[in-house]
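Please open the model beside these notes and take the points in order. Check each one by eye as you go.

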Amino acid sequence: MNMAEPIAKPTAPRGVVRLNEPMGNHVSWRTGGVAARAYAPAGTADLAAFLARLPTHEPVCFVGLGSNLLVRDGGFRGTVVLMHDPRGAMRAEGGLIYADAGTASPKVARFAATQGFEGSEFLAGVPGTVGGALAMNAGCYGSETWDVAAKAQTISRSGGLSERDPGEFEIGYRRAELRTAKLGQDEWFTGAWFRFRPGDQKLARRRIKELLARRLATQPLDLPNAGSVFRNPPGDHAARLIEAAGLKGREIGGARISEKHANFIVNPKGRARASDIEALIALARDTVAQRFAVELVPEVRIIGEAA
């Protein structure tokens, strides 16, 4: 694979740039090709300077916990921005809760509960960062991210910051699109303010524990996975259709459709290639279409080139 030219050091005065970075280290499936460049910013100003100096043709992909991403075995010929920050800022601010985009969503749920708010509990079941949750309007247990997002901060390709209100987005099931720019290409999330209702801290924390216990009981969280692979079709569940098609436990290479939850594909021994996972995605989609005349739409984002 022909890698792009190395980024000059002044482009990232404080952040870290690595070439030919294995993306299996940064996605929850624990497999995939390399990124030509990977950049871990040292803050928003650092990120702004970095983006402003990138060539305009440079493909860019922001990655949080990689819990909704598959990088093909041939790799990604561009720059991956690694946003996950275990020390990402969270604070109570004027009745809202602010969180950096690189903060894990379950942390926001717990923090909001300790601040005496209810309504954040579902975020404990979202296995990604705030930025990823905003980008795909992630949700579970009857709630979605944009139900509680009061506003968001974005950064443009030129490094400019903007505060965006919900009305500036087209929001739908597992999608959020800016009306004036293309998310993931022209702008990316750097943070958000959430509005939760005042409530009982102990009750909120108990609900979080109950939701996490429910996830552990029904999902294969002990194996590398990327959460739900397909969106639920209207009035039905992808997992039910895949199971009814007889695909639970089906394997291709090192990848397997989970016996515990048919809408999960797992990498049980860490040996699956991205192509194995993509082949199982295609198998599930095609089989369900043939058997039930229902088109399953993937939630997961697939980038890069085949080997």
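1. Start with helix H2, residues 105–114. In this predicted model, H2 lies across E6, E7 and E15. Its direction runs at about 40 degrees to E6.

2. Now look at the sheet under that helix. The sheet is open and has five strands, in the order E6-E7-E15-E11-E12. The pairing is antiparallel. E6 and strand E12 (161–164) are the edge strands, and each of them pairs on one side only. From one strand to the next, the twist averages 25 degrees. As background, strands of a sheet pair through backbone hydrogen bonds, either parallel or antiparallel.

3. Helix H1, residues 44–53, also packs on the sheet. H1 touches strand E11 (149–156), E12 and strand E15 (187–194). The direction of H1 makes about 45 degrees with that of E11.

4. Which residues of H1 are buried? They are Asp46, Leu47, Ala48, Phe50 and Leu51. These buried residues pack against E11 and E15. They also pack against strand E1 (16–22), strand E2 (34–40), strand E3 (60–63) and strand E5 (76–82).

5. Go to the E6 end of the sheet order. Strand E6 covers residues 90–93, and strand E7 covers residues 96–100. The two run antiparallel and are joined by four bridges. They form a hairpin, with two residues between them. Gly94 sits in the turn and has a positive phi of about 60 degrees. Glu93 stands opposite Leu96 in E7, and Arg91 stands opposite Tyr98 in E7.

6. Is Thr190 buried or exposed? Thr190 is found in strand E15. Its relative accessible area is 5%, so Thr190 is buried. The side chain of Thr190 makes a polar contact with the side chain of Gln153, at 2.8 Å. Leave out residues up to four places away in sequence, and Thr190 touches Leu47, Tyr98, Asp100, Ala101, Gln153, Thr154, Ile155 and Leu161. Leu47 is one of the buried residues of H1.

7. Return to H2 and find its partner, helix H5, residues 201–218. The axes of H2 and H5 are 8 Å apart, and the packing angle is about 160 degrees. Angles over 145 degrees count as roughly antiparallel, so H2 and H5 are roughly antiparallel to each other. The crossing of H2 past H5 is left-handed. On the H2 side, the meeting residues are Ala109, Arg110, Ala113 and Thr114. On the H5 side, they are Gln201, Ala204, Arg205 and Ile208.

8. Two loop residues deserve a look. Gly66 is in the loop between E3 and strand E4 (69–71). Gly66 counts as buried because its relative accessibility is 7%. Not counting residues up to four places away in sequence, Gly66 touches His26, Val27 and Ser28. Gly66 and Ser158 are 92 residues apart along the chain, and their C-alpha atoms are separated by 24 Å.

9. The other is His261, in the loop between strand E18 (255–257) and strand E19 (265–266). Its relative accessibility is 19%. Buried means under 20%, so His261 counts as buried. Leaving aside neighbours within four places in sequence, His261 is in contact with Thr218, Gln219, Pro220, Ala239 and Lys248.

Terms used
Residues are numbered from 1 along each chain as its sequence is written. This is a predicted model: local features need pLDDT of at least 70, side-chain atom pairs count only at pLDDT 80 or more; totals for chains, interfaces and linings use all residues. Side-chain values use heavy atoms; hydrogens and water are left out. Buried means under 20% relative accessible area, exposed over 50%, partly exposed in between (1.4 Å probe, protein chains only). Contact means heavy atoms within 4.5 Å. Two strands pair if DSSP finds at least two bridges between them. Axes are lines fitted to C-alpha atoms, for helices over the stretch in contact, and angles run from 0 to 180 degrees between N-to-C directions. A polar contact is a pair of N or O atoms within 3.5 Å; within protein, one must be able to donate a hydrogen and the other to accept it, and residues adjacent in sequence count only if both atoms are side-chain atoms. Angles under 35 degrees count as roughly parallel, over 145 as roughly antiparallel, 65 to 115 as roughly perpendicular and the rest as oblique. A crossing is left-handed if the near helix is turned anticlockwise from the far one by less than a right angle, and right-handed if clockwise.
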